[in-house]
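Subject: Structure handover

Hello,

Here is the structure for you to look over. My notes on the backbone and on one of the helices follow it.

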Amino acid sequence: MRRFHWSISLTFAFTLLLLPKMGEVQLQISSQVPEEKGYFTLVDTKQTTEILIDREDYQVVHEVADLLAADIARVTGRSPKVNSASKKSNSPVIIIGTIGKNRWIDQLIAEGKLEISSIKDEWERFAVQTLDNPFEGIKQALVIAGSDRRGAAYGVFTLSESIGVSPWYYWADVPVEKKKELYLPRIAYVSKPPSIKFRGIFLNDEDWGLQPWAAKQMDPSIKDIGPRTYEKVFELVLRLKGNMVAAAMHECTGAFFKYPENKVVADKFGIMMTSSHAEPLLYNNTTEWQQLVNGNWDYVENKDGVLDVLDKRVAEAAAYENVYTVGMRGIHDTGMRDVPEGFTKAGVLEEVIGEERNLLEKHIQKPATDIPQIFVPYKEVLDIYEGGMKLPEDITIVWPDDNYGYIKKLSNKIEQQRSGGTGVYYHISYLGWPNDYLWLNTTPPALMYAEMKKAYTLGADTYWLVNVGDIKPGEMGMQLFLDMAWDFEAFNFENINHYQINELASIFGEQYKENLAYIFDRYYYHGFTRKPEYMTWDWAWNSIFRHPKIKDTELSFVHYKEAETRLQEYSQIASMAEEILAELPSSLKASFFELVYYPVKGASLYNHKLLVAQKNRWYARQGRASANKLVEEVESYQDSLAEITARYNSLLNGKWQGMMTAPGFLPSPHLPPTEQIELTNSAEMGLFVEGQPGEVKQALELPAFNRDFNESHFFEVYNKSKQALEWKAKASDSWIKLDKQEGKTATQERIQVTIDWATFPSKSRAEGSIELSDRETTKRIIVKAKAPKKDRAKLYREYNGVISIVPSDFHRKKENGAIKFQTIPGLGYSNTSLQLGSAKYDAGEDSFVAYDFHVAKAGEITIHTYMLPLFAKDRKHGTAYRVQVDDLEANVQSNDVKEYSREWASNVIRNSAINRSTFKLYKPGKHTLKIYAVDPGMIIQKIIIDTGGLQQSYIGPKAMKIE
C-alpha cells in the first residue's frame, strides 16, 4: 500500500520508542534454540513442558494453569499436561503457585533455591525463575511464584503474553502466531509492586451492546448477562492485571447477585467485586429494590427495610473478596432524598455508613478497618461531604470525574494522609446530560494520562475504576487505563501517544506503524474537538429513546476551510484504514476491523452524514444545482454506516451479533434533514468566494494574501439551473494565478488562486482583481496581497486580522519555584497543549511563557485563550491563570463555572473553556503576550489574538507555528 507522509509536525510522528507494546512483557521468548547456554524449553520437536500445581492452592491458580496450557496449545498446537499429583517428570516443568499454598514452591524456598524475600507478604507480586535440577527426577523447572493468588496469575499471564497470546485474543480477536518451538533464556525476574492497589472496570450502559449480545450469544438460557459472560470478562481483566469489576446494573440486566454462580465465577478468577457510587454494599437498588414490596428507598423513613436488604447482601457476599461502596444515594443515578426537619444529609450519611460498617463486621467477622470500603462523592454527595460530613479514616475516598474526563476534585494535604487512601472513578463512556458518548472511544490518551497523572501525584493510588460501557469498542482505552494502573511510572507525556500505536503495530505489522500513527492522530484530534456523538449539535441523548433535533453545526464551510478540512481528513484516514484492511491476511482482518477500521470509518461516516447534510442545506439556500446531489450522498453515508455496523455484528460467523449499534438508528433509522430544490431551465451563474458568507451585493473579495504564510485561496463558480454553465475567468495582473480559467459545468467548479511572488510588484502591497463571466453576467473579485520584508524578526504575525498561536511554541519562559511548564503533545485544539505547572506545585510566583507578536496598526485587540475545562485540584485553589500584553494591566481568567450549569455543559461538549481578554495597543509593531501560572495544573490548548478580522467558526484559524 502507499505510505502516507505529512509535512506538518504531528504528535504521533513515527519514532523508535523505549516503551513496548501494551502490557509490558518482561520474558523474552524465542522460537529457536537460544545461542546462550542455559534456557528453558517450553516446547520443542521432542517434548512439551508439563505444568505442576498444588491441589490445595487457590482455585484461580488451577484456572490460570489450564489457561496457560491452552495458550501454549494455541501457539504450538501441543497442550502441556497439568499435574497436581506428582513432581516427577521426564519433561521440563512449569511450577505455578502461591507462596505458602504450594508445597513444592515452599520447599524450594526453604532449600534456598528460590529467592522470594522481596515479594513475600507483598500485594500481587510474582517471581519468575528458571532452575536446573530443582528436585530429584526433574532436570529443569520454570517457577512462577505469586506473593498471593493474583500475583501467581499475573506471572502466568505474563508468560502467556510473552509467547504471543494477547489478552485480547477473545474480546478483540487478536490472532495467535503459530510457532513449533518455544524457549525461554535463563531468568530470575521479580515484578514491581502495582502502582495502584485496586484496579478495575465498570460495565455500564449495557442496554445497546453488552446485554443484547450476552443474552443471545453467551447466556441464552437466562437471556441476560450471566456467568458465561462474566467468565470472559473476568479472564480479560485478570490478563490485563486488573483485580476488580463493577457489574452491569441497568434495568435491562439482572443484578449480579441474582444469578448465584456469578460470584463463584468471580472468585474462581480471583476477581474482587466492587460497585458503582449508587450501589451500597454491592446492592443494586435499580433492579433489586421493589418499591411496592420494600417501600421507599429512604433511610430516614424506612431504615429497617433498607438495612434488611443490605444485611442479606453482605451475608451473601461475605465469603468472597470484595470492595464495598458505603454511603447512600437515590435509586440508580439519582440524588439522595431530602431529609425531614431535624436531620441533615451529612448526619444521615454518617449514620448510614456506621450501620453499614456494623453489617460488614457482623458477617465478615473482621474489624471494619480491615475490610476494603470506598466512599464516592459523586454529584450531590460531594457537596454533602464538603459540608462537614465525618468519614472514618480507613475508608478510601474515590474522586469521580465529571463524566467527561475531567476530575472534579482531588485530595488536599490532609486527605492525602488518610489511612484508607484515595482513588479515582473515570469515564471513557457515559450516558447522561448534556449528551452521551456510548458509541466510540475518542478520549485522547494524552487527556487520560494528564488527568490520571494529576491524581496519582496527589496521592490517588489506592483505587482506580474506569467506566468502559460495553468494553467494545473501548478496548484500547480500557487497556491503557489498566496498564497505567499497573505501572504508572512507565508512562510520560513523551510516550503516551505512541503507546496504543506500538500495540497495534505489534499485532498488524511494523510496516503500518507510521500510517497508524497518522490515523489515530487525526482520529483522536477530531474526536476531541467534537465527539461523533455530539455532531447533531443538539443537547439530547441521541442514541436512546428519541431522535435529536439536528441543527447546523458551528463548524464553518465559509471560514478557515474548517468543515471541509475535517471531512477531508476523516476521508483520508478512513481510506488509509481501508487500504490496510485490504492488505492484511484473513487471520488479522476481524481484529483490525474491530480495533481500527470500524471506529475510524464509523467516525468518518457519521461526520460526513451530518456535515454533508449541513452543506446541502447551505447549498439549497444559495440555489446551487449540486444541492440535490448531496441528498443522495447523505443517504449513502447512512447506508454505509448501517452496512459496516451490520458487518461488525456478523464478524466471525456472528460472534458479536448484537454488540454494536451506531447513533442515528435508535429508536429507528433517522436521517438528518436535507432539502431538494427546483432548478431553473436557463443557465445561471452563482459565485461563492472563500471567507464571504454568501453572494453579497457589495464587492466580492478574497481573503488577503501574505507572503509570510504563502496560502492559497479559492472561489467557486456554481450553476443554478438544469443546463450546463459555461464560464470564463481572467486575472487583471500576471502575479495572480488561477488553476482554471474557463470551464463548462453542470454543478460547480472550484478555482484555486495563488500569488506568483517572483513577479509580485516591488512595493510591499498590491491590489488586483479577477473577472468572472458567463453569457449573461460579469462579476469581479478583488485580490489583495502583501509581501512583508523577509529580514524581520521571527514573530507571530497577523493573517487577515488574526494571529493564531500554538501555546507550546513560546519565545521565552520564566519558571520560578516548583513551577515547570509542560508540553502535552496530542491534546487540544492545536494538537499540542501547555500545562502551566503541574497540579502538585504550591509556589512559583511570576512564572510565565511569552509570545512576541506583530500588529500592523494600533487599536483594540482581543485575546482568546482556549483552556481545558479543568476543575481546581481542591477547594483551596481555583482554575485561574493571568493574561498580560506588554506592561498593561493583566486579566485573570479561569474556568470557575458551576458543574451542571449551561456553561459547564457547553465547555465539556466542546472540550474547551474559551476566555477573552481585551487590550488597547497604542502603537503598531512588536508586542509581547504573557500567560502567567496562577493556580496549579491549568492547561492552555490554543491562543488566538483578534486584531479585527476573526471570523465566526468553531475551532478558529489553524495555528501558525513559529518557523
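In which loop does Pro667 lie? Pro667 sits in the loop between helix 17 (627–654) and strand 17 (685–689). Please keep in mind that this is a predicted model.

Cis peptide bonds. The bond that joins Leu666 and Pro667 is cis, with omega about 0°. Another cis peptide bond links Lys472 to Pro473, and there too omega is about 0°. Pro473 belongs to the loop between strand 16 (463–469) and helix 12 (475–486).

Positive phi. The loop between helix 14 (513–529) and helix 15 (562–583) contains Trp537. Trp537 is not a glycine, yet its phi is positive, about 60°. Its relative accessible area is 10%, so Trp537 counts as buried, the cut-off being under 20%. Lys561 is also found in the loop between helix 14 and helix 15. Its phi is positive as well, near 50°, and Lys561 is likewise a residue other than glycine.

Helix 6. This helix covers residues 261–268, and Asn262, Lys263, Val265 and Ala266 are buried in it. Viewed down the helix axis, the buried residues of helix 6 fall within an arc of 160°, so they line one face. In an α-helix there are 3.6 residues a turn, so residues three or four places apart point the same way. The packing partners of the buried residues in helix 6 are helix 5 (227–239), strand 11 (272–274) and helix 8 (303–317). After helix 6 comes Gly270, with a positive phi near 70°.

Regards

Conventions:
Residues numbered from 1 in each chain as written. Predicted model: local features only at pLDDT ≥ 70, side-chain atom pairs only at ≥ 80, totals over all residues. Heavy atoms only, no water. Helix = DSSP H or I, 4+ residues; strand = E, 2+ residues; numbered from the N terminus. Buried < 20%, exposed > 50% of the residue type's maximum accessible area, 1.4 Å probe, protein only. Arc of directions from axis to C-beta. Contact = heavy atoms within 4.5 Å.
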